[in-house]
Amino acid sequence: TTTVYYDDDADRSQIDDETVAVLGYGSQGHAHAQNLADSGVDVVVGLREGSSSRAAAEADGLAVATPAEAAEAADVVSMLVPDTVQPAVFEQIRDGLDAGDTLQFAHGFNIHYNQIQPPADVNVTMVAPKSPGHLVRRNYESGEGTPGLIAVYQDETGTAKEQALAYAHAIGCTRAGVIQTSFREETETDLFGEQAVLCGGVTALIKQGYETLVDAGYSPEMAYFECLNEMKLIVDLMYEGGLGEMWDSVSDTAEYGGLTQGSVVVDEHARENMEQVLEEVQDGTFARNWITENQAGRPSYTQLRHAEKNHEIEEVGARLRDLFAWAEDEDATEDDKQRV
Ligand code: NDP
Ligand code: MG
Ligand code: MG
């Protein structure tokens, strides 16, 4: 069984006397930097020349330097720029990593797929809150926690895990609970989850359902409510109490229909397709495609984004959201809405 680590399991002396360089001041960066600073840890934010994030970091009272200067000054370097730019930023900070320093990530992609090859004499760890950055910050301020993962890829000092736990404590994760994983497991499950279920699978299911109804002559508005809008209400129930709470809350008719027809729609072919998606995550095919796509200036990505934006359901949804009043999370930023 999995061990869950809480506040009492962390030894804060592992991080309290260290200087942490937080590279990037976006979703995760601003939350880690401010939570660490509020916990009494020395923080320096590393941003490129002319960075649009500099004003925000300075307004929040944090010291800002270039990534190279920040890494030079730091014992722990937290890599919180976008995954696709991390290899280039790593080249700028490599010389600032002294023996026994820690290079830390919030996602394992670049280590697992060898896009960053760290020096052998540093710790390489992961502290990954399982939540968008704005919640990591908001929960910390309200005294709540954010669940998270830790992992150790290289343990030079013999205390890499203890230090990762202490960092997780300082950003508020051990208040909620932290589990240990590996870079491989975190990377592969994260990619599979967002592709097959959370982002890719769910949107495909919604669009197929919407198109099935509209093609059969039903109104787009009805199709939108049925296939997209109600998704949140169903997912909220599952989030609170698992599948059981959802089944308990819907009508017997919905439960019987769902239990009999769900696996007709998402059948063994879907399962085989999921296994194919997982295989391409595991054998590096997806990573290679994504890296090549970026090197080429993102041609298919741009095209796919455009097509998704122009799907009829988006136009119908925008109109309905203007016409009807329903609760909005006023604290969510545009950035948070884009992230998993
Ligand atoms: P963001 O996209 O929010 O990072 C933006 C920050 O990176 C900005 O401060 C930006 O500064 C800086 N930046 C962008 N490009 C460069 C560059 N070329 N050189 C230097 N700085 C640059 O990142 P996230 O917080 O989303 O992701 C950070 C890490 O956290 C990733 O590994 C991600 O997988 C992981 N993660 C993210 C989660 C999330 O919810 N977002 C959840 C869990 C993990 P500028 O203003 O100069 O552009
Ligand atoms: Mg250093
Ligand atoms: Mg992800």
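**Close-up views of the predicted model**

**View 1. Helix H2 in the shell around ligand 1.** H2 contributes three residues to this shell, the most of any element. The model is a predicted one. The shell holds 24 residues, and those that come nearest to ligand 1 are Gly 24, Gly 26, Gln 28, Ser 51 and His 107. Two elements supply two or more residues each: helix H2, spanning 27–38, and strand S7, spanning 123–129.

**View 2**

**View 3. Packing of helix H10 on helix H14.** A pair of packed helices is described by the angle between the two axes and by the distance between them. For H10 (residues 183–198) and H14 (residues 268–282), the angle is about 140° and the axes lie 10 Å apart. The crossing of these two helices is right-handed.

**View 4. Residues at the contact of H10 with H14.** From H10, the contact uses Glu 188, Leu 191, Phe 192, Gln 195 and Ala 196. H14 brings Met 274, Val 277, Leu 278, Val 281 and Gln 282. Seven of the contact residues are nonpolar, two are polar and one is charged.

**View 5. The protein chain that holds these sites.** The chain has 18 helices and nine strands. Its C-alpha atoms fill a box of roughly 65 × 45 × 40 Å along the principal axes. Among contacts with a separation of 6 or more, 67% join residues 24 or more positions apart.

Definitions and conventions: Residues are numbered from 1 along each chain as its sequence is written. Chains are lettered from A and ligands numbered from 1 in the order in which they are written. This is a predicted model: local features need pLDDT of at least 70, side-chain atom pairs count only at pLDDT 80 or more; totals for chains, interfaces and linings use all residues. Helices (H or I, at least four residues) and strands (E, at least two) are DSSP runs, numbered from the N terminus. Two residues are in contact if their C-beta atoms, placed from the backbone, lie within 7 Å. A residue is near a molecule or strand if its C-beta atom, placed from the backbone, lies within 6 Å of it. Axes are lines fitted to C-alpha atoms, for helices over the stretch in contact, and angles run from 0 to 180 degrees between N-to-C directions. A crossing is left-handed if the near helix is turned anticlockwise from the far one by less than a right angle, and right-handed if clockwise. Ala, Val, Leu, Ile, Met, Phe, Trp, Tyr, Cys and Pro count as nonpolar, Asp, Glu, Lys and Arg as charged, and the others, Gly among them, as polar.
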